[in-house]
Amino acid sequence: MDKKRLSSLMPAAALVLGTALSGSVLAKGPALEEGHEYMVVANYPNNMHVIDLQSDSLYKSCELPDAFGPGVTQMAPDGKTAYILNNHYEDIYGVNLDNCEVTFHAAMSLQQNERTKAIFSFAISADGKELYAVQNPTMLNRDHYRVQPSRLAVYDTSAGLNAKPVRTFPSPRQVTVMQTGEDGTLYMAGAEIYKVDVKTGDVDVAIPSRSWQRPLYAPPDVLNAWPIQSPSKDFTILYTTAKFQDETYNLDTADWIYGFMNVNLETGETQTTDFGPITEIYFSGILSPKDPNIVYGVLNRLAKYDIEKKELVAAAELDHSYYCIASNHEGSKIYLAGTFNDVAVYDADTLEKLGNIPLPGGDMAISTSQVFIR
Amino acid sequence: MKTTILKPFGGGLLALAVALATQSAQAASEAEKIIQDNCLACHSEQGESQWSRISHQRKTPEGWLMTIARMQVMHGLKISDEDRRTLVKYLADRQGLAPSETEGARYALERRLNTSESFDSQNFTEMCARCHSGARVMLQRRPASEWEHLVHFHLGQWPTTEFQALARDRDWLDLALNKMVPELAETLPMDSAAWEQWQQQAEAPVAGEWTLAGHMPGKGAFNARMSVTSAQGEDEYSLTLTGQYADGSALKGKGQAVVYTGYEWRANVEIDGQVMRQVFALKEGQLSGRMFLRDKDEVGADVVAARDAAGVSHILALQPAYIKAGSEADITIVGSGLSGLPVLGKGVDVIEVISESSSLIKVRARAAGDASGVMTPSVGSTEGGRFAVYDRIASVKVVPEFAVARVGGNGGSTPKVEARFEAEAWAAGADGKSGTADDYRIGMVPATWSVAPFDEVAEADRDVHFSGRMNSATGVFTPAAAGPNPERRMMTNNAGNLKVQATVQDGADTHSAEGQMIVTVQRWNNPPIP
């Protein structure tokens, strides 16, 4: 390999870092404009960026406390407070995007000697008054650890910087992304897509996943680290599975299938829908806000499927991998974030590339991007 | 450990034996003081020389080293390197593994990182060997309570363990606690007859003169004499190494060795300005294992060694270990205590003894035109070694069949990891048909090497161009530099998926063979046991 060419990347990296420094002058920056459409996303070392989707340019950047990671975000329904799970999965912060002030902070660990992580698992109630987190505590005893049962902790979002749960309930283990329905129901992705009554802690199955009973189907594999708050109010979870030809369950002749489970957060309606054969992996996917028959997926390509026909209708080659997908409310543009420090913009119909939005700072890694209207 | 058991020494040596035993008791009390002074902030005393957690596990020296290093990295232990060495020695001696308990897993200690593991237990494969080598587990012994602690530690320390592929599809914690803990406690128990018996064994002698025979991919066969003398600490030795490679170049070095658990020989030997690590097991007067560059462990050699002892003779190796029927060649017999007439096998005449010592006999041999098969040579009354006579090469294999090279360097913290290949020639056997039961291995033969795209993706991504370079003469593949490469599709790393092709010339016949090599990214986490 040509060493010189590789090391010639270094000045470019320095340039990007230089931009980061001048970018931080924007910290606290202007308030958001009422009715405008924005996107929020976080990156290393401690940034939360607001992108103006009218101009597809960086609007402002806020500095975050403590360590970065994973940078999972959730927007409050008022379009003003962005919540972020950070500090190595151990703390959730609320940031007022108008003035960059941290207005909410909850440590997931609730007692001394307890180390607790939330694995992408938090959500905000539809009225913005409560925050829900599934927490995985471990007791760090003197000469041994003890993993504790997972719990659902409910916080009052007005509790300030030392927020403690107002209610806690036992939770299934292995819960990742979560969203809330208009009626207050909490939906959580785990072994099943659960629905939880946040008043009583009662857990029910909204969509069977590990236990699904679909004749000739293998149980699905579900990876989900991006709780995307979609403009269409869909909670969409991609799955991969195998469909066998017959009862011999021969994997060699099985069809390998991509699909999604979906909860309509306005109506509570659920579906489990195959949308195409597996030809490549997508880390995240989103239903088109303007055409419910279209689903997009992204990792190494941006792909667009016709759900009814179960067909790939378009795919765009990318400059590099992107993890997290978002759409504007109109459904005309697709935004790709995660990895590196640029957001790529694509035409939602043609998948033609419209541009890149460079961000100050480093890698977005697995941060969630969220599109919202202030 | 058994170092306190007196050996059946004669009168003159008794004083030395007593001195050694005293030294051993001193070392133990020193180690116990280190534990008392450094470990009791977290560990509890449980009677004399017994501590919570510590006293309920058995491991290899590398296993104990990793445990103490983890205490430093994760739990704030401050300890000097010297005290750590004392503790590793004490713990490996007192709570080690019997030789038989390491069988089948020594490749991990020997840093044979191209080993493809396979286990009968699907649970074990998916629950343990999914993230690290299964050998790391196979080289530990614990009671159920300690395996249970290990499960809690794993999930507590790496909380995403239960969310990953092959974990998120099952009730991971329940399976780990209620299936894996009993399975591990049964198959890898704290108490074992093998360990009981091993502790009763008399200590085997180490100091003295040894003969080594080895083979290093990319360099070839070598032999050497190793002189081992007792050094100051318990089971510590100084050593010098003097020998030569088959190509005539010298092999010279000196270093230090420690014997753990009565048989685990670990030495650092400086050879040509580079430190080579010896990971050998001592068994029945012989050492065997692997010697590799400490800081580049893919470069290494298989080694066997025998100690000079009165009335004992071993044939360790023949170099080269094959001859073509109807031809003449110089053959070196490597061993210890060699004396008497060298015989290479049926149809092979020793026409001249070129040189002779108790460790090396060099002969001129002639194989008859109709000679064939695998011979067990002899020197005097000693039989051993393996010598193949073949009329023609019937097939060739690339060894290893599958290997991993890693990009590195380029300003990063992790160096490149090369891959090294050899061509193994096979004869067809009496039936003249290749691929049948009577095929026999001839040995490693010279080849011309190249790489090619493994599949269409590799071809489209130009992996051959980007991933590195194969040395056509040596079979050593040097991977490319680390980091995103703007010239590649999606700025990807110089990773690649390559066919490894060997061409072997045997008279007018040309043989081809193929292996596979993945060139991948750096191994960021590289503990002593992978």
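Visitor: Where does pLDDT stay under 50 in chain B?
Guide: This is a predicted model. In chain B, pLDDT stays under 50 over residues 1-18. The model still has 25 contacts beyond four places in sequence for that stretch.

Visitor: What should I make of a stretch like that?
Guide: Where pLDDT is low, the predicted coordinates should not be read in detail.

Visitor: And what does chain B average?
Guide: Its average pLDDT is 94, and 96% of the residues score at least 70.

Visitor: What about chain A, which residues stay under 50 there?
Guide: Residues 1-26 of chain A do, and the model has 28 contacts beyond four places in sequence for them. Chain A averages a pLDDT of 93, with 93% of the residues at 70 or above.

Visitor: OK, on to the two chains together. How many residues are in contact?
Guide: On chain A, 31 residues are in contact with 40 residues of chain B. The two chains bury about 3,100 Å² between them, and 55% of that is on carbon and sulfur atoms.

Visitor: How many salt bridges between chain A and chain B?
Guide: There are 4. One of them joins the side chains of A:Glu317 and B:Arg489, at 3.9 Å from N to O.

Visitor: Why would two such side chains pair?
Guide: Side chains of opposite charge can pair when their charged atoms come close.

Visitor: And how many residue pairs are in polar contact across the two chains?
Guide: 20 residue pairs, counting those where both residues have pLDDT 80 or more.

Visitor: Which elements of chain A touch chain B?
Guide: Those giving two or more residues to that side are α1 (3-7), β8 (114-117), β10 (130-140) and β11 (145-147) of chain A. Note that α1 falls within residues 1-26, where pLDDT stays under 50. By class, the side of chain A that touches chain B has 11 nonpolar, 8 polar and 12 charged residues.

Visitor: How many salt bridges over all chains?
Guide: The count comes to 43. One within chain A is between the side chains of A:Lys333 and A:Asp56, 2.9 Å from N to O. That pair links distant parts of the chain, 277 residues apart. A:Lys333 is in strand β26 (residues 333-337), while A:Asp56 is in the loop between β2 (47-52) and β3 (57-63).

Visitor: Changing topic. Which peptide bonds are cis?
Guide: One joins A:Gly69 and A:Pro70, with omega about 5°. A:Pro70 sits in the loop between β3 and β4 (72-75) of chain A. Another runs from B:Val399 to B:Pro400, with omega near -5°. B:Pro400 is in the loop between β21 (395-399) and β22 (402-406) of chain B.

Visitor: Why point those out?
Guide: Because most peptide bonds are trans. Most residues other than glycine also have a negative phi. A:Lys310 has a positive value, near 50°, and lies in the loop between β23 (301-306) and β24 (311-317) of chain A.

Visitor: Last one: what does UniProt place on chain B?
Guide: An unreviewed UniProt entry gives "domain: Quinohemoprotein amine dehydrogenase alpha subunit" at residues 205-307, 314-391 and 396-529 of chain B. In the model, residues 205-307 are 0% helix and 77% strand, with end C-alpha atoms 9 Å apart. Residues 314-391 are 0% helix and 62% strand, and their end C-alpha atoms are 29 Å apart.

Technical notes: Residues numbered from 1 in each chain as written. Chains lettered and ligands numbered in written order. Heavy atoms only, no water. Contact = heavy atoms within 4.5 Å. Buried area = accessible area lost by both parts, 1.4 Å probe. Polar contact = N/O pair within 3.5 Å; in protein donor to acceptor, adjacent residues only side chain to side chain. Helix = DSSP H or I, 4+ residues; strand = E, 2+ residues; numbered from the N terminus. Nonpolar A, V, L, I, M, F, W, Y, C, P; charged D, E, K, R; others polar. pLDDT = per-residue confidence, 0-100. UniProt positions renumbered as here; feature names shortened; annotations may be inferred.
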